[in-house]
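Q: Please take me through a close look at this structure. Start with the disulfide search, then go on to packing and contacts.

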Amino acid sequence: MRGTKAFFAAVVLTAIVGLASTANAQLQFVGVGSSAMFNTVSAAAFTDLCSSRSGSACHHWSAKGKNSADNQNWAQGVDSRNSSIPVEAGNFFVAWDSNSSPIKIWSYLSVDTIVGQRLFFAVPRATQQIDSGALSAAGQNLVPAAILLNRQTSTDQPDETTGIPSAVLSAVQTSFTAAISDVRPEDAKFEVNRILAAFSASGTGLGYGNPANATCFQPPDSWTVSNILGCPIYGTWGGRSVPVQYSLTGTDPFTGSAAWKYKTIEVGAEPIIFVYNASNANGLGVLGADGNVAFKNLNRITAAEVFNGTLGRGQDLDPSLTLALQGISSNPPVFPILREPLSGTMTTTEFNMFRTIEMQKDVPNSASQETGVNLGNSCALNSNCPDPLYLPGPGSSIRYRAIGTGAEISGVSNVGGVKHIADSIGYAFFSFGNMNPIGGAAGVGRYVTLDGVDPINAAYGTYVSDGVTYAPGQLSLCQAPCVLAGGTSLPTVRNGSYTFDSVSYAPGQLPLCSAPCILPGGTSLPNVRNGSYGAWSIIRAVTDATGVNATNTQALVTAAQNEVNNTTADFVPFVCTNTTGLCTGETGLHVFHSHFTPTGVAGAPHNGNTALAESGGDVHGAVFTNQADVDYHTDTNLELVKIRQ
């Protein structure tokens, strides 16, 4: 991709000469960032904003990869601060209302969370470029039509097949107005510092900024590596992400210009879920005594040891799975699929699961999924290589890496990912769009509870003990003998059969959604709402502190929050403010992660529950209720900050 900036720009400029002026279009949102949020943001733009207006005529289009006609990226972000900084290709979605004057437009470029923040915080701000072939090419339907409800036609709508209008193409060649992130800006800045720092076996530095690395580039990439522009992070099956420095405060490390003034807007909470390929009946898909998959639970310590390469066999994962595999004399290798360190998904999972305070204390040199990933080592492609990752482990296991949520779930060009590798296990932020390729009874994907807590369902309901039915929370009594079938007492795994959107699912099956998938307010993702699930994060929009970008970004966030339970109920809205009935029963999120000051990132931490504005990192902060923080502040004039797990 190196060297394509000037050529691509020339192609774009040639294409738009003579096209309708941008005065004929009105940009509402030009977002960049989290791949995990690609489906959610796209659905919010199309369904909740564009098509919700009476009389609207809304359309959408999406693309990824390269245009075969000119071998250029369909969509990319361009950071112009230094000519050596490579462009960032991404998945692109655009929605527009052709029955408004001027045409209203919303767009989103999916890259990595931290890359998206870098493109937003760069001074000058990075720009979006879309290939001119979009004028006539059919959309690729990257966002499942099932979650793109047109409220005017009451149908789920696919991409346009004849391209996008010239006014739309012209308008979206512009600077980004917001970044969508699944980690706070301070956590993202800490992580890019860590990636570029000198390699350390303890995980405090990952070594991508070392120009002496034995492994760095794959053809045709090449540039001067330094502590502000690092080696690429490659995916096993394709794709790459490049660590580049930026500033939240002070001055830009490349241009010396003053950093942007910004604000964060909380969108809502989503859980990280662990998913696996259950297609091998003699592997992770083996059935238990109940006729359903035996692998239903994963504890966090085991997860850490699997993703750091210490454990690598099926029987290592869970006692129920162990028994089932022993029953058929099988102990197959497991294939963990890691995300890239510039990913907010990885950062959330790393610090909530793999690099907790407990793990750093007890096993300091393996408290990371990046354990053993050292670019100082040479690379034997597809045999033993740190980048693109292909690391053999115990029991013939192999650790792979995916760049982006789409590659984590579906691989690249039908190769790799959870979908295509039997006995693979990965992780992703839950959304219906993200899970669609492996979901449902026919899909190969299954999910597990984490430390016995279900990420999607409550799984704590009415139960029967010794022939007596008890309501939730009631303690069962015993008048001896109280007989239970062998192996059923004190279960730690409660994810069983369930119903969603009038469809029944077996244990571990991922629910599908054909929009609208309506849930009563306040009922979605119950164990995220109560804070008991171990891996979740608040999604945030990062935008200008004031002005039209802040106003339009807030409008997108508010629409998504108000509509989520009535369209695709797959995140917990931070707040819900609609007064016409959309928010009935929805009280929003009432738990938070304690904030702290990440090493090397300036600023005092504040949780955002008092008059002081939210600041600091929170990616592995302990979980409290909002009210606990308010009460503690009332009692002490302090906040529940700097408490990490």
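**Disulfides, a helix pair and one asparagine**

A: A search of the whole structure turns up five disulfides. A disulfide here is a pair of cysteine sulfur atoms within 2.5 Å. This is a predicted model: local features need pLDDT of at least 70, side-chain atom pairs count only at pLDDT 80 or more, and totals for chains, interfaces and linings use all residues. Residues are numbered from 1 along each chain as its sequence is written, and side-chain values use heavy atoms, with hydrogens and water left out.

Take Cys-216 and Cys-231 to begin. Their disulfide has an S to S distance of 2.2 Å. The torsion about the S-S bond is about -110°, so this disulfide is left-handed. Both Cys-216 and Cys-231 lie in the loop between α5 (185–196) and β13 (233–234), so the pair ties together parts 15 residues apart in sequence. Helices (H or I, at least four residues) and strands (E, at least two) are DSSP runs, numbered from the N terminus. Cys-216 and Cys-231 are buried. Buried means under 20% relative accessible area, exposed over 50%, and partly exposed in between (1.4 Å probe, protein chains only).

Next come Cys-513 and Cys-517. Their sulfur atoms sit 1.9 Å apart in a disulfide. The angle about the S-S bond is 115°, and the link is right-handed. Cys-513 and Cys-517 are both buried.

Cys-576 and Cys-583 are also joined, with sulfur atoms 2.0 Å apart. Here the torsion is about -80°, so the disulfide is left-handed. Cys-576 is buried, as is Cys-583.

Now the helix packing. Helices α6 (residues 300–307) and α8 (residues 344–354) pack at about 125°, their axes 9 Å apart. Axes are lines fitted to C-alpha atoms, for helices over the stretch in contact, and angles run from 0 to 180 degrees between N-to-C directions. α6 and α8 are therefore oblique to each other. Angles under 35 degrees count as roughly parallel, over 145 as roughly antiparallel, 65 to 115 as roughly perpendicular and the rest as oblique. From α6, Arg-300, Ala-303, Ala-304 and Phe-307 make the contact; from α8, Asn-352, Met-353 and Phe-354 do. Contact means heavy atoms within 4.5 Å.

Last, Asn-527. This residue lies in helix α13 (residues 526–529). Asn-527 is buried, at 8% relative accessible area. A polar atom of the Asn-527 side chain lies 3.1 Å from the backbone oxygen of Asn-457. Beyond neighbours within four places in sequence, Asn-527 is in contact with Val-453, Asp-454, Asn-457, Ala-458, Ser-532 and Tyr-533.

Technical notes: Polar contact = N/O pair within 3.5 Å; in protein donor to acceptor, adjacent residues only side chain to side chain.
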